Amino acid sequence: METQEQAKRMNGEGSIYQDRNGYFLFSMMHEGKRLVRSLKTKDEDEATRNAVKVRNEFGGRIASGEFEPSNVKNFTVGEAIKRYLDYLNENGRASAPIVALSLGVLQRDRNFLPRRKVANLTTQDFKDYRARETANEVSHTTVNNRFALLRAALKLEMKQTPSCVSKLPYIPMVHIDNARDGFLEYTDHHTLVAELPRSLKALFVIAFHSGCRLGEILNMRWSDVDWRNRNIRLPKTKNGTKRNLPFWGGIESHLKAQKDFRDAHHQDAEEIFFWCAEDCGLSHGGVRVAPGSPIQDFRASWSAAVKRAHTANANINSDLLFHDLRRSAVRCMIQDTGIPESQAMLISGHKTRTMLERYNIVSLKNVQDAGAKLDAWSRALGACRDEKRASFS
């Protein structure tokens with residue numbers, strides 16, 4: 001048995017010691033488990049040399065996951081993603097459907113099939129996936145987002161006791177300068193409404209007037225609409241704070257039109273936004289939609305409508321993203337309508353003023369206000385100078 005006197009520490013992990021028969025053994029700890037190997041010699045110098053080889057062998061086997069507990073070795077990508085989605089749904093995260101779609105696309109790749117063992121994931125798997133996707137014209141931003149979601153799922157599992165993930169694989173991200181400044185002006189939004197299919201008109205109008213996140217909008221139910229007080233209650237939000245969206249602009253009229261269509265054709269639809277039969281001819285995100293089914297992915301219809309709207313009105317960007325509506329709504333509320341920033345944040349769901357500044361909304365308004373004050377001061381000074389000159393003439 002190893003004793004404090006008998007054990008000889010090596011440079012690095014592990015130690016060597018002699019058994020009762022004088023043979024040396026190598027010992028090291030891993031995850032609370034002792035790994036032991038006989039060095040098959042009674043000579044201390046030879047034992048020290050052999051121990052280095054054994055230590056390196058153990059290190060390689062540890063790196064490959066050979067010594068991991070069975071729950072860690074057998075934990076799959078599919079299980080990690082399922083637990084993550086369950087967590088989002090249990091905590092009322094409005095982003096759960098969007099996350100499920102993104103991770104579903106990831107799992108269709110051979111590197112990240114649901115049965116793939118997490119312990120076997122390597123950095124090269126992620127590099128190979130990116131190369132394949134970008135070759136098919138998928139943007140680096142989209143790939144980064146999928147990787148970020150998978151990493152979030154693995155990090156969540158690492159917090160569990162016991163955890164089925166012992167370590168995270170290194171996931172390389174590509175730096176993207178994706179700060180967008182695309183906006184849709186209020187006077188131009190009617191053009192886009194006209195080009196959108198019936199299924200997306202009310203969805204667009206609410207997004208453009210409220211600045212809400214897409215996940216929050218897609219989770220809206222008819223039970224959330226307060227017709228009497230003219231607002232929509234948002235019980236499920238990204239940050240967990242309940243909000244109320246006031247009716248203004250075209251929100252009420254489009255909601256009423258949506259409800260009339262629902263009552264006439266899809267009375268069982270609990271979600272406010274669903275697919276109308278006339279818009280089910282194309283697949284969206286690889287999923288064939290059915291009349292009355294909740295809207296989840298509408299990229300194909302959105303892209304086509306934006307291009308038509310750009311042709312009709314050059315002020316509308318041909319690459320306008322749905323998320324650009326969030327910036328557009330907040331800028332409209334603060335700069336055009338003039339409501340206080342705090343009220344705009346209550347509607348859009350921004351928690352900090354920093355996020356408004358990130359969108360270059362508040363900073364632009366401040367510069368405009370400062371410019372108006374400086375201009376007024378300059379004009380007043382010039383008028384005073386003119387009066388003095390006139391008095392001496």
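In the predicted model, D324 is buried, with a relative accessible area of 0%, where buried denotes under 20% relative accessible area, exposed over 50%, and partly exposed the range in between (1.4 Å probe, protein chains only). The side chain of D324 meets that of R327 in a salt bridge, at 2.0 Å from N to O, a salt bridge being a side-chain nitrogen of Lys or Arg within 4 Å of a carboxyl oxygen of Asp or Glu. Helices (H or I, at least four residues) and strands (E, at least two) are DSSP runs, numbered from the N terminus.

This is a predicted model, in which local features need a pLDDT of at least 70 and side-chain atom pairs count only at pLDDT 80 or more, whereas totals for chains, interfaces and linings use all residues. Residues are numbered from 1 along each chain as its sequence is written, and side-chain values use heavy atoms, with hydrogens and water left out.

The protein averages a pLDDT of 85, and 85% of the residues score at least 70, pLDDT being the predictor's confidence in each residue, from 0 to 100. Among the elements of the protein, the lowest mean pLDDT, 57, belongs to strand β1 (residues 8-9), and the highest, 96, to α7. Over residues 1-6 the pLDDT is below 50, and this stretch has 9 contacts in the model beyond near neighbours in sequence, contact meaning heavy atoms within 4.5 Å.

The protein has 15 helices and 9 strands, and buried residues make up 42% of its 393 residues. Of the contacts with a separation of 6 or more, 53% are accounted for by residues 24 or more positions apart.

The largest nonpolar core contains 46 residues, of which L192, F204, M220, L255, F273, W302 and L325 touch the most other members; a nonpolar core is a set of buried Ala, Val, Leu, Ile, Met, Phe, Trp, Tyr and Cys residues joined through side-chain atoms within 4.5 Å. At least two residues of this core are supplied by each of α7, α8 (198-210), α9 (214-218), β6, α10 (251-265), α11 (299-312), α12 and α13 (341-348), and α8 gives the most, with 8 residues. Leaving aside its neighbours within four places in sequence, W302 is in contact with L192, L196, L200, F204, L320, L321, F322 and L325. Apart from this core lies another, of 27 residues, among them F75, L103, L156 and V165. In soluble globular proteins, nonpolar side chains tend to be buried together.

Helix α11 also contains K307, which counts as exposed at 52% relative accessibility. The C-alpha atoms of K307 and N317, 10 residues apart along the chain, are separated by 8.3 Å.

A search of the whole structure finds 20 salt bridges. One of the pairs joins E185 to R331, with the closest N and O atoms 2.6 Å apart, and links distant parts of the chain: E185 stands in the loop between α6 (140-158) and α7 (189-195), R331 in helix α12 (residues 324-336), 146 residues apart. In this pair, E185 is partly exposed, with a relative accessible area of 36%, whereas R331 is buried, at 14%. Elsewhere, R213, E216 and R243 are linked in a network of salt bridges.

An open sheet of 3 strands has the order β5-β6-β7, with antiparallel pairing, two strands being taken to pair if DSSP finds at least two bridges between them. The edge strands are β5 (225-226) and β7 (243-246), each of which pairs on one side only. Strand β6 (residues 231-234) is joined to β7 by 4 bridges, and the two run antiparallel; the bridge partner of R233 in β7 is N244. R233 also forms a salt bridge with D226, the closest N and O atoms being 3.7 Å apart. Of these two residues, R233 is partly exposed, with a relative accessible area of 35%, while D226 is buried, with a relative accessible area of 15%.
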